[in-house]
Amino acid sequence: MIVTRRHALALTASMAAGATLPARAQSDWPQRSLRILIGTTPGGSPDIIGRMLADKMTGPLGQSITVENNTGGGGGIAAGIVSNAPPDGYTMTLLTAGFASGAAVGKFKFDGDNTFGFVTMVCSYPFVYLVPKDSPIKSFADMLARAKANPGKFSYVITSLGAVYHLIGTWVGMKAGVDMVPVPYRGSSAAVADVLAGRVDVMLEPATSAFARIHSGQFRVLAVTSPARYPLMPEAPTVAETLPGVQYMSWLGMATAPRTPRPIVDRLNKEIHRALALPDVQQKLKEAGNIGTPTTPEAMHKQIEDEIAHWKQLVEANNIQVN
C-alpha cells in the first residue's frame with residue numbers, strides 16, 4: 001500500500017489524538033468510588049489506619065472510599081485481588097510487613113512491578129521483647145544469657161512459622177549464638193495467658209500491640225528492634241545495643257494494581273502524604289505505637305525487595321520450613 005503525505009499526516013494526527021485520551025482520563029481521575037482491601041481482622045492496626053486514611057482522602061479525591069476486610073490466606077487473598085485488579089487505581093491494599101516475610105518463605109509470589117503498583121509506605125514501628133512485670137529476666141542481655149544456659153528450652157511467642165515474629169527471633173538467636181524455641185499462637189489472648197503464667201518465657205510483639213500491654217502495667221519491655229531508641233519509648237534499649245546490626249522496623253504500605261498509570265499513582269501518593277501530615281492523624285498513629293513514614297513509590301518498592309532478599313537469606317541459612 002502506498003502511503004501519501006496526506007495519509008501520513010492524518011495517521012499521525014489520529015495517533016496523537018488517541019494518545020491524549022488516557023491522559024485526559026487520568027486528569028479526571030477518580031470518577032467513581034475507590035476501595036482499600038485490608039488483609040487483617042477488623043479492629044487491628046492495619047484496619048484502623050486504613051479506615052483513617054480512607055476518611056482523610058475522601059474529601060480531596062471527591063469520591064467515597066470503602067474499606068473491606070479480607071483475612072483469607074494471611075492477607076494473601078486481599079493482595080492477590082489487588083495484584084489482578086484493573087490498572088486504574090480504584091482498588092488498593094494496605095500491605096503489612098508480613099507480605100515480605102511471606103514472600104521470603106514462598107507463601108506469596110512477588111515479581112516487583114508486575115505484582116503491585118507501589119504507592120507509598122505509610123507508617124512503621126519496631127517489634128518489642130516483653131516479659132511479665134515480675135519476671136526474673138531483668139534485661140535483654142539477661143534474656144540471652146538465660147537462653148544460652150538453657151539451649152532448646154527458652155521459649156518465645158510467635159504467630160506462625162515463617163512469620164516476621166519467627167524470622168526476627170531466629171535472627172536474634174543466630175547472632176547471639178543461642179537456641180530459643182518459637183511457640184506459635186493463633187491469637188494473642190492465649191499467648192498472653194501463657195507468658196503471664198510462665199509457660200512461655202518471652203513475648204515478641206509489634207509495638208502496635210506491645211505498647212498497650214506495657215502501659216497496662218502487666219509487662220516490662222526488654223528491648224525494641226528499632227535502629228536507634230524509639231521516639232515513642234526512648235527509655236527502652238534497642239536490640240542493636242546488645243547485638244549490633246540486628247534492627248528491624250515493621251511497616252504498612254499502600255499498593256494498587258500493577259501498571260497503574262504514574263499520574264494516578266502520584267495522586268494517591270500525594271493524598272496519603274497529605275493525610276499523614278495532619279496533626280490528628282499523627283496523634284492517632286502515635287497512640288498506636290506508630291510513626292508516619294511516607295515515601296516515594298520507588299522507595300517502597302526497594303524496601304520490600306531488600307526485605308524479601310534479607311529474609312530469604314535468613315530462611316536458607318537456618319533451613320526454616322513452612323508447611
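Biologist: Which residue just after α11 takes a positive phi?

Modeller: N319 does, with a phi of about 50°. Helices (H or I, at least four residues) and strands (E, at least two) are DSSP runs, numbered from the N terminus. This is a predicted model, in which local features need pLDDT of at least 70 and side-chain atom pairs count only at pLDDT 80 or more, while totals for chains, interfaces and linings use all residues. Residues are numbered from 1 along each chain as its sequence is written, and side-chain values use heavy atoms, with hydrogens and water left out.

Biologist: How many residues has α11, and what is its reach?

Modeller: Helix α11 covers residues 297-317, which is 21 residues. From its first C-alpha to its last it reaches 31 Å, close to the expected 30 Å; the expected span is 1.5 Å times one less than the number of residues.

Biologist: Which residues of α11 are buried?

Modeller: They are P297, M300, H301, I304, E307, I308, W311, L314 and V315. Buried means under 20% relative accessible area, exposed over 50%, and partly exposed in between (1.4 Å probe, protein chains only). Seen down the axis of α11, these buried residues fall within an arc of 165°, so they line one face of the helix. The arc is that of the directions from the helix axis to the C-beta atoms. On the other side of α11, K302, Q313, E316 and A317 are exposed.

Biologist: What do the buried residues of α11 pack against?

Modeller: Their partners are β3 (91-96), α4 (98-104), β4 (117-132), α6, β9 (249-256) and α9 (262-276). Contact here means heavy atoms within 4.5 Å.

Biologist: Where is T256 found?

Modeller: T256 is in strand β9, and at 0% relative accessibility it counts as buried. A polar atom of its side chain lies 2.8 Å from the backbone oxygen of T91. Leaving aside neighbours within four places in sequence, T256 is in contact with V82, G89, T91, M92, F116, G117, V119 and V265.

Biologist: Changing topic, how many residues are in the largest nonpolar core?

Modeller: That core has 52 residues, of which L95, Y129, F140, M143, I168, V172 and Y248 touch the most other members. Helix α6 (residues 164-176) gives the most to this core, with seven residues. A nonpolar core is a set of buried Ala, Val, Leu, Ile, Met, Phe, Trp, Tyr and Cys residues joined through side-chain atoms within 4.5 Å.

Biologist: Which residues form one aromatic cluster?

Modeller: The cluster consists of F99, F108, F110, F116 and F118. Both F116 and F118 are buried.

Key:
A polar contact is a pair of N or O atoms within 3.5 Å; within protein, one must be able to donate a hydrogen and the other to accept it, and residues adjacent in sequence count only if both atoms are side-chain atoms. Rings of Phe, Tyr and Trp (its six-membered ring) pair if their centres lie within 6.5 Å; planes under 30 degrees apart count as stacked, over 60 as edge-to-face and the rest as tilted.
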